Amino acid sequence: MTITIQEKVLNALNNGQALSSATIKNRFGAGNPGSVIQSLRFKGYPVFLNTNSKTGCKVYRTGKAPRKVVGAGYKALAKGLI
């Protein structure tokens, strides 16, 4: 069974790793790291872009979705928007 780039990135994020776009591109071979992250978000994974306070580098992390985001999703479902 072949593991996709999305699955590899998701596994790394779920293991607590913070990944920059360059890391996603170089380590996992993603041609467009932004589209990998967008696909994960569309699948419902809470992936956030944070700025490292020490280095200023932007990295992706997983986390807990804010209540407002979860609430907006349920409202969209109820209205038949998605």
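A residue is called buried when its relative accessible area is under 20%, exposed when that area is over 50%, and partly exposed in between (1.4 Å probe, protein chains only). By this criterion, 21% of the 82 residues in the protein chain are buried.

## Basis of the values

The model is predicted: local features need pLDDT of at least 70, side-chain atom pairs count only at pLDDT 80 or more, and totals for chains, interfaces and linings use all residues. Residues are numbered from 1 along each chain as its sequence is written, and side-chain values use heavy atoms, with hydrogens and water left out.

## Overall fold

The protein chain has 4 helices and 2 strands, in the order α-α-α-β-β-α along the sequence. Helices (H or I, at least four residues) and strands (E, at least two) are DSSP runs, numbered from the N terminus. Taken along the principal axes, the C-alpha atoms fill a box of roughly 40 × 40 × 20 Å.

Contact means heavy atoms within 4.5 Å. Of the contacts in the protein chain with a separation of 6 or more, 36% are between residues 24 or more positions apart.

## The hairpin

Strands β1 and β2 (residues 58-62) run antiparallel and are joined by 5 bridges; two strands pair if DSSP finds at least two bridges between them. The two strands form a hairpin with 6 residues between them. In the turn, Gly56 has a positive phi of about 80 degrees.

## Thr62

Thr62 belongs to strand β2 and is partly exposed, with a relative accessible area of 28%. Not counting residues up to four places away in sequence, Thr62 touches Leu13, Asn14, Pro46, Val47 and Phe48. The side chain of Thr62 reaches the backbone oxygen of Leu13 at 3.3 Å. The C-alpha atoms of Thr62 and Gln17 are 8.8 Å apart, although 45 residues separate the two along the chain.

## Ser20

Ser20 sits in the loop between α1 (5-14) and α2 (21-28). Is this residue, Ser20, buried or exposed? Ser20 is buried, its relative accessible area being 13%.

The side chains of Ser20 and Thr23 are joined by a polar contact of 2.9 Å. A polar contact is a pair of N or O atoms within 3.5 Å; within protein, one must be able to donate a hydrogen and the other to accept it, and residues adjacent in sequence count only if both atoms are side-chain atoms. Leaving aside neighbours within four places in sequence, Ser20 is in contact with Cys57, Lys58 and Val59.

## The largest pocket

A pocket is found on a 1 Å grid over the protein atoms alone, as an open set of points where a 1.4 Å probe fits, with protein on both sides within 12 Å along at least five of seven lines; lining residues have an atom within 4 Å of a point. The largest pocket has a volume of about 200 Å³, where volume is the space filled by probe spheres set on the points, and points are joined across faces, edges and corners.

Its lining consists of Arg41, Gly44, Tyr45, Pro46, Val47, Phe48, Ala65, Pro66, Val69 and Val70. β1 (47-51) and α4 (67-78) each supply at least two residues of this lining. The lining divides into 8 nonpolar, 1 polar and 1 charged residue, where Ala, Val, Leu, Ile, Met, Phe, Trp, Tyr, Cys and Pro count as nonpolar, Asp, Glu, Lys and Arg as charged, and the others, Gly among them, as polar.
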